[in-house]
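These are my notebook entries from an afternoon of looking things up in one protein model.

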Amino acid sequence: MIEARGLTKVYGDKTAVAGVNFTVEAGRVTGFLGPNGAGKSTTMRMIMGLDRPTSGSVTVNGSPLTGHAAPLRDVGALLDAKAVHTSRSAYNHLLAMAATHSIPKKRVHEVIEMTGLAEVARKKVGGFSLGMGQRLGIAAALLGDPQTVILDEPVNGLDPEGVVWVRNLVKYLASEGRTVFLSSHLMSEMAVTADHLIVIGRGRIIADAPIQEIITGKGQGRTRVRTDQPDRLMQLLAGTGVSVEVQERELLEVTGLDPRQIATAALENHVMIYELTPLQASLEEAYMELTKDEVEYHSLITTGAVPVEAGGN
């Protein structure tokens, strides 16, 4: 379990993390999301003891990581896959790490096999592709067979097979009762991997809930309706808080009414409908809605002659 209480980090006149409180529970995959500059990396570095909080605290299994006698056995982390001596082989890199915690060579071979590095284990890391570097970083995170695993952008550079492998790996680790804390910019991947989400913006927690709750909470009760009397149905459904948009001939999108209410109105007024499909907001839509006022960096995308503001994430 990871617990942050009043966790704050200030750099000069900039507050990177502002008094955040959250708990990462064991037995589930917790996703960590936020725009660039939101405080994700700083928070992860404070969890790992790489940055000291200005105030507040963060503990792993009840105590700061700096107080753990064998941190590699307690917490495994991938924060920067490039933080490796490029002249070493993958095997020697892992072997050196293992020696610092009296981890047997057998475990080095196990994580090499587990992460698909067997064929390149004796090659210098400097020649690795981005994806192979990510696999080595994950192997290092798992080396101590830790109870808590923290992975920052673990699928970066991986091919589709590697992405699926990471997805299944983190789910398996959580099923064993471990604490899994995962960040990613790939919303589609987070949507099928995480059980719970923590969203940070401008150094503050703006959402902390099960992923389905975040998605449905930002969904607007949209329903796709097909009818041969669209004008009549639009009149019947009109009301406060209800929006009806024409998508194409005989196709409407209704916001603010659930499918049962739409079906009841159509039935009572003898309007035939031949499609009634509830629509749910995607995680990307929910995330963009949550963070629309929290984006620190903005750019202008020019479409034709009209500049459109877009937030960076």
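Entry 1, the network. I first looked for charged side chains that join up in a group, and I found that Arg-107, Glu-110, Asp-145, Glu-176 and Arg-178 are linked in a network of salt bridges. I must keep in mind that this is a predicted model. I also noted the general point that side chains of opposite charge can pair when their charged atoms come close.

I looked up Arg-178 and Asp-145, which form a salt bridge in which the closest N and O atoms are 2.9 Å apart. This pair links distant parts of the chain, since Arg-178 sits in the loop between H6 and strand S7 (179-183), while Asp-145 sits in the loop between H5 and strand S6 (148-152), 33 residues apart. Is Arg-178 buried or exposed? Its relative accessibility is 13%, and the cut-off for buried is under 20%, so I wrote it down as buried. Asp-145 has a relative accessibility of 43% and therefore counts as partly exposed.

I then asked how many salt bridges the count comes to, and the number I noted is 15. One that I looked up joins the side chains of Arg-135 and Glu-161, with 3.0 Å from N to O. Arg-135 belongs to helix H5 (residues 130-142) and Glu-161 to helix H6 (residues 160-175), so this pair ties together parts that are 26 residues apart in sequence. Arg-135 is buried at a relative accessible area of 11%, whereas Glu-161 is exposed at 52%. I also looked up Glu-289 and Lys-292, whose closest N and O atoms are 3.0 Å apart in a salt bridge. Here Glu-289 is partly exposed at 32% relative accessibility, and Lys-292 is partly exposed with a relative accessible area of 49%.

Which side chain does the side chain of His-196 join in a polar contact? It is that of Asp-208, at 2.6 Å. A polar atom of the His-196 side chain also lies 3.3 Å from the backbone nitrogen of Ala-209. Leaving aside residues up to four places away in sequence, His-196 touches several others, including Arg-28, Val-29, Thr-30 and Gly-31, as well as Pro-210 and Ile-211.

I looked up helix H1 (residues 40-47) and found it mostly covered, with 6 of its 8 residues buried. Among the buried ones I listed Lys-40, Met-44 and Ile-47. After H1 comes Gly-49, and I noted that its phi is positive, near 80 degrees.

Of the 313 residues, 45% are buried, and the protein exposes about 15700 Å², of which carbon and sulfur atoms supply 50%. Among contacts with a separation of 6 or more, residues 24 or more positions apart account for 68%. Returning to charge, I noted 30 positive and 35 negative side chains, with the centres of the two sets 9 Å apart.

Notes. Residues numbered from 1 in each chain as written. Predicted model: local features only at pLDDT ≥ 70, side-chain atom pairs only at ≥ 80, totals over all residues. Heavy atoms only, no water. Polar contact = N/O pair within 3.5 Å; in protein donor to acceptor, adjacent residues only side chain to side chain. Contact = heavy atoms within 4.5 Å. Buried < 20%, exposed > 50% of the residue type's maximum accessible area, 1.4 Å probe, protein only. Areas by Shrake-Rupley, 256 points an atom, 1.4 Å probe, with all protein chains shown as cover. Lys, Arg positive; Asp, Glu negative; His and termini not counted. Charge placed at Lys NZ, Arg CZ, Asp CG, Glu CD. Helix = DSSP H or I, 4+ residues; strand = E, 2+ residues; numbered from the N terminus. Salt bridge = Lys/Arg side-chain N within 4 Å of Asp/Glu carboxyl O.
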